[in-house]
Amino acid sequence: IPVDPFDLVIFGGTGDLARRKILPGLFRRFCAGQMPEGAQIIGAARTEMDDAGFRDMVAEAIREFGGGRSCEDGTLDEFLKLIGYQVVDAKGEDGWKELKARLNDGLIRAFYFSVGPSLFGDLAERLRHFGLADDDSRVVVEKPFGHDLKTARALNATLAQHFDETQIYRIDHYLGKETVQNLMAVRFGNVLFEPLWNAQYVDHIQITVAETVGVGGRGGYYDKSGAMRDMVQNHLMQLLCLIAMEPPARFEPDAVRDEKLKVIRALDPVLPHHIVRGQYDGHGVEPSYREDAGDPRSTTESFIALKCHVSNWRWAGTPFYLRTGKKLRARASEIAVVFKDAPHSIFGADAGRHRNILTIRLQPNEGMELGVTIKEPGPGGMRLVDVPLDMSFADALGPDSEEVPDAYERLIMDVIRGNQTLFMRGDEVEAAWAWTDPIIEGWQNRGEAPKPYDVGSSGPDDSLMLMHRDGRKWRDIR
Ligand code: BG6
């Protein structure tokens, strides 16, 4: 669906995120025919550069980080015609009038803050002061949205001085992932799952976001954050919300976000022995976390496994196990809803123990799989086996689905459409920090160090024990 013409200003337009994600994503939307005539994309940053220089940079970024299959030769030159650049001093006066002069009257204006949070206030203030933004303009902000509850509150308050909540788009790119949206379609578009989606039928839920990359190159940021702030407080929390929330009355921004907020507020505090922190160790063969972070004594975690509970009628007694880490065995992210055993086996003990598991694979090989129990084929009597009902998106939707749109593509277009459903509201972010803060404070107070784990493993052994103690097992990372 095409969107209305817009002016998009990317502050931090020369930065890493703009080059890797935002600009290539916009280009792919252009190739898909979604970019309206009259759209304009302006990079803004401190670096001295002219339009032509920025266009060269954009072209290079697109070549490096992917244009996508559907982009024909020559499209890039057309796309570059939409691009401009303005030198702007976020903390001073320079460049703002010139930037304003580049904007078109009567078009949707979106301002993407692809910069550190310390500049959010300066940018918001100047956008208003120099008359670039009005009450219909949108601002997009990236994580990290604060470092804890206090800083997140301060950021919310600063933005609120200049913009209404309906104008603020806080990105959590996991919400833009195709499978994550599909999770809502599966839950609320089918009659099949919802009656079983509760503590009576679900034994437990596992959410795993495993990465093979380390923190090399961004150790400076990461070492102050760790996996809890970098991944759990936002991405894993959002996944948990979508799994656990009540059906919203409509697929509309506040209806969805109200339900997610209730989940976060229903989370019990995590007990210290229900959480395992880890740090990767390359044993001299590969870089260890501490080398990547540039601090030989760092106690920041690159891995987290935890058990938590959503204390409400639907989920009382059903544990949610969350796990994420860097330099693990494989890049594999999935949510597994593990259903309870059938209440009684009419086939006897020989038939074995069988369980239905609904797996939602976020990446790679996006898709869903439902494990069902059937009779083992053949004359050998009644023996049961589990087989997957597999719905890989690539298989189910044909060759076009191989190119699953990147999360950023979807989200940026939603900003232009003015649809906040897949963006975090200020109170949600604060509630997530309110749950995270005591966990981190607990480690600090107890002076706890993370457990080492081998590069290429599934994380520290203690994380296996976390499950084992409950008579359960993590699914393999593969
Ligand atoms: C980012 C984190 O938000 O998400 C990174 O800061 C992490 O540390 C990344 O690697 C993972 O995103 P994706 O889309 O590759 O799963």
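**Burial, contacts and strand pairing in a predicted model**

Reader: What makes Gly-13 count as buried?

Author: This is a predicted model, and in it Gly-13 has a relative accessibility of 0%. Buried means under 20%, so Gly-13 counts as buried.

Reader: Where is Gly-13 found, and which residues is Gly-13 in contact with beyond its neighbours within four places in sequence?

Author: Gly-13 lies in the loop between strand E1 (6-11) and helix H1 (16-31). With those neighbours left aside, Gly-13 is in contact with Ala-18, Leu-23, Gly-43, Ala-44, Ala-45, Phe-54 and Met-57. Contact here requires heavy atoms within 4.5 Å.

Reader: Why is Arg-19 called partly exposed?

Author: The relative accessible area of Arg-19 is 22%. Buried would need a value under 20%, and exposed a value over 50%; Arg-19 is therefore partly exposed. Arg-19 is placed in helix H1. Not counting residues up to four places away in sequence, Arg-19 touches Thr-14, Pro-24, Met-57, Ala-61, Glu-64 and Phe-65.

Reader: What feature does UniProt place at Gly-13 and Arg-19?

Author: The unreviewed UniProt entry gives "binding site" for a set of residues including Gly-13, Arg-19, Arg-46 and Lys-143. Of the residues in that record, Lys-143 is included in the lining of the largest cavity.

Reader: What makes E3 and E6 the edges of the open sheet of six strands?

Author: The order of this sheet is E3-E2-E1-E4-E5-E6, with parallel pairing. Strand E3 (83-87) and strand E6 (168-170) each have a single partner strand, so one side of each has no neighbour in the sheet. On average, neighbouring strands of this sheet are turned by 20° against each other, direction ignored.

Reader: How do you know that E5 and E6 pair?

Author: Pairing takes at least two bridges, and three bridges join strand E5 (residues 138-141) to E6, with the strands running parallel. For Val-139, the bridge partner in E6 is Ile-168.

Reader: Why is strand E7 described as largely enclosed?

Author: Nine of the nine residues of E7 (residues 202-210) are buried, so E7 is largely enclosed by the rest of the structure.

Reader: Which strands does E7 pair with, and in which sense?

Author: E7 pairs with strand E11 (residues 332-339) in the antiparallel sense over eight bridges, and Ala-210 stands opposite Ala-332 in E11. With strand E10 (residues 319-325), E7 pairs in the parallel sense over six bridges; there Ile-207 stands opposite Leu-322.

Definitions and conventions: Residues numbered from 1 in each chain as written. Predicted model: local features only at pLDDT ≥ 70, side-chain atom pairs only at ≥ 80, totals over all residues. Heavy atoms only, no water. UniProt positions renumbered as here; feature names shortened; annotations may be inferred. 1 Å grid on protein atoms, 1.4 Å probe; cavity = no way out; pocket = protein on both sides within 12 Å on 5 of 7 lines; lining within 4 Å. Helix = DSSP H or I, 4+ residues; strand = E, 2+ residues; numbered from the N terminus. Buried < 20%, exposed > 50% of the residue type's maximum accessible area, 1.4 Å probe, protein only. Axes fitted to C-alpha atoms, helices over the stretch in contact; angles between N-to-C directions.
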